[in-house]
Amino acid sequence: MTAHGWYLLLVLVGAIACLILLINSRIKLHPFVALLVVSVAAGLLAGESPHDLAASMEDGAGSILGDVGLTLALGTMLGRLMADSGATNRIAEAIVNRSTTRTLPLMMTAAAFVIGIPMFFEVGLIILLPLVFSVAERVRAERPDVRSPYVILVIPTIAALATLHGMVPPHPGPLVAIDGLHADLGKTILIGFACAVPTVLIAGPLFARFMQSRVTVDPDPMLIEQFTGASGPAPARSLAGAGVPAGGAATTERVRTEVPIGIALSAIALPVVLMLVRTLAEIIWPGGNVFVQAATLVGTPVIAMLIGFLYALFFLGFARGRKGEELRRSGAESLKAIVGILLIIGGGGAFNGVLKGSGIGDAVAAAASHLHIGVIVLAWLLALLLSASTGSATVGIVSSTGIVAPLVASSGSWQASLVVVAIGAGSIGLNYVNHAGFWLVKESFGMTLGQATRIHTSTQTIVSVVGLAMVLILSCFT
């Protein structure tokens, strides 16, 4: 390490500190603006010329938005279609209808896991709230001996949604890291799911059983009425495991109009399957043929999400009698919710571009080569600290990706995918009062600050730590 290299590292540390200050101080700059300000300052201090600095920012932002932005927009519209059509509730009900009160934590985990594949954490939680409240109130009425029914349902829901959101494509965080580290999408999906399943089981049902006797959540009656439509227990379904709805003619009519479970599941699975087929085809036929070329086309994230969206548009929209204008308006409304996320991703891309163009990234690589810490742990730690300090998992992911990118430049594709999942796991931990998700959980269930900390923050931190452990275990076999 030269003196100039150490100076560049000092610039990076100062840039991160400035980013945290701008977001958390009284100034309260939007993360997008804060990232741009820090990018300019870091580039100039690192000695990059104004012309090159502008080009680095534009190239960085444009590259990441071109790869991730379109996929994110299509995924958001797909999620909205599923929610509006009732497909997500259909999946959740189909899983929960086959459960007993003893197996409910596992079944709720499964419902949240399936719904969490195409959904953001906040969106998935909002969709599942009526189901959680209805089932919890039914448990209260039918099994008064069950302690803290809300705890045994909320924790698995949080664990599954958070794990999928941070560690598994096609969510925006992993896609950003895949783009920045030039990782293979299909391999990352395989590793993400391999890490996600045991992580969710440990942080969800197991942790829920542990906390069941230690925390009690009793939502306000107004919240219960809001999400169940009644002040008492919601007659949503029998929990005997038979899966036969109650409710007479009205229920029969409702069942007739429900989305078929096969259509609901296929709408979620189709884009993911197309991406995996591409990877398998490239592994089996590395020389390439007509099938590989076709699989590469349809397995590209943007094309796969486009196919999935068009499939859902027909089977969950037009085929169910919804009007084109209504569907277009619904899609436009869904895009409004992700404008801020897209801007943050673009700002993070600009910051990453400056790190590369100014030589700061190379200085990080040189310094890390002298440290006795693996790149997987370093990536996880950076994402954890940046996410916790800025209150944004997206900021944590895009910033840590730019910092560790030089360290994985010469690594194999499996190693790059492991680092992607490690970054996603790190971004989930220590989710506290400066995160929007913390307040959404707290207010949705009428929790105190202490209850939300013990349930939400603890669950997501366990997800983060177990996710890292799973990545490290898999790294021993790659």
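This is a predicted model: local features need pLDDT of at least 70, side-chain atom pairs count only at pLDDT 80 or more; totals for chains, interfaces and linings use all residues.
Residues are numbered from 1 along each chain as its sequence is written, and side-chain values use heavy atoms, with hydrogens and water left out.

**Salt bridges.** I searched for salt bridges (a side-chain nitrogen of Lys or Arg within 4 Å of a carboxyl oxygen of Asp or Glu) and found 5 in the whole structure. Lys-336 pairs with Glu-333, the closest N and O atoms being 3.1 Å apart. Both lie in helix 15, 3 residues apart; helices are DSSP runs of H or I, at least four residues, and strands runs of E, at least two, numbered from the N terminus. Glu-333 is partly exposed at 37%. I also recorded one network, in which salt bridges with shared partners join Asp-84, Arg-322 and Glu-326.

I then examined Glu-325, which is partly exposed at 43%. Glu-325 bridges to Arg-328 at 2.8 Å and to Arg-329 at 3.9 Å. Arg-328 is exposed at 59%, whereas Arg-329 is partly exposed at 47%. An α-helix has 3.6 residues a turn, so residues three or four places apart point the same way.

**Ser-464.** I located Ser-464 in helix 22 (residues 449–475). Ser-464 counts as buried because its relative accessibility is 1%. A polar atom of its side chain lies 2.7 Å from the backbone oxygen of Ala-425. Contacts (heavy atoms within 4.5 Å) of Ser-464, leaving aside neighbours within four places in sequence, include Trp-380, Leu-384 and Gly-429.

**Cores.** I looked for nonpolar cores (sets of buried Ala, Val, Leu, Ile, Met, Phe, Trp, Tyr and Cys residues joined through side-chain atoms within 4.5 Å). The largest has 137 residues, of which Val-419, Phe-445 and Ile-455 touch the most other members. Its largest share, 13 residues, comes from helix 7 (residues 149–167). A second, separate core of 5 residues includes Leu-53, Met-57, Ala-350 and Val-354.

**Whole chain.** I counted 22 helices and 0 strands. Of the 478 residues, 54% are buried.

Methods:
Buried means under 20% relative accessible area, exposed over 50%, partly exposed in between (1.4 Å probe, protein chains only). A polar contact is a pair of N or O atoms within 3.5 Å; within protein, one must be able to donate a hydrogen and the other to accept it, and residues adjacent in sequence count only if both atoms are side-chain atoms.
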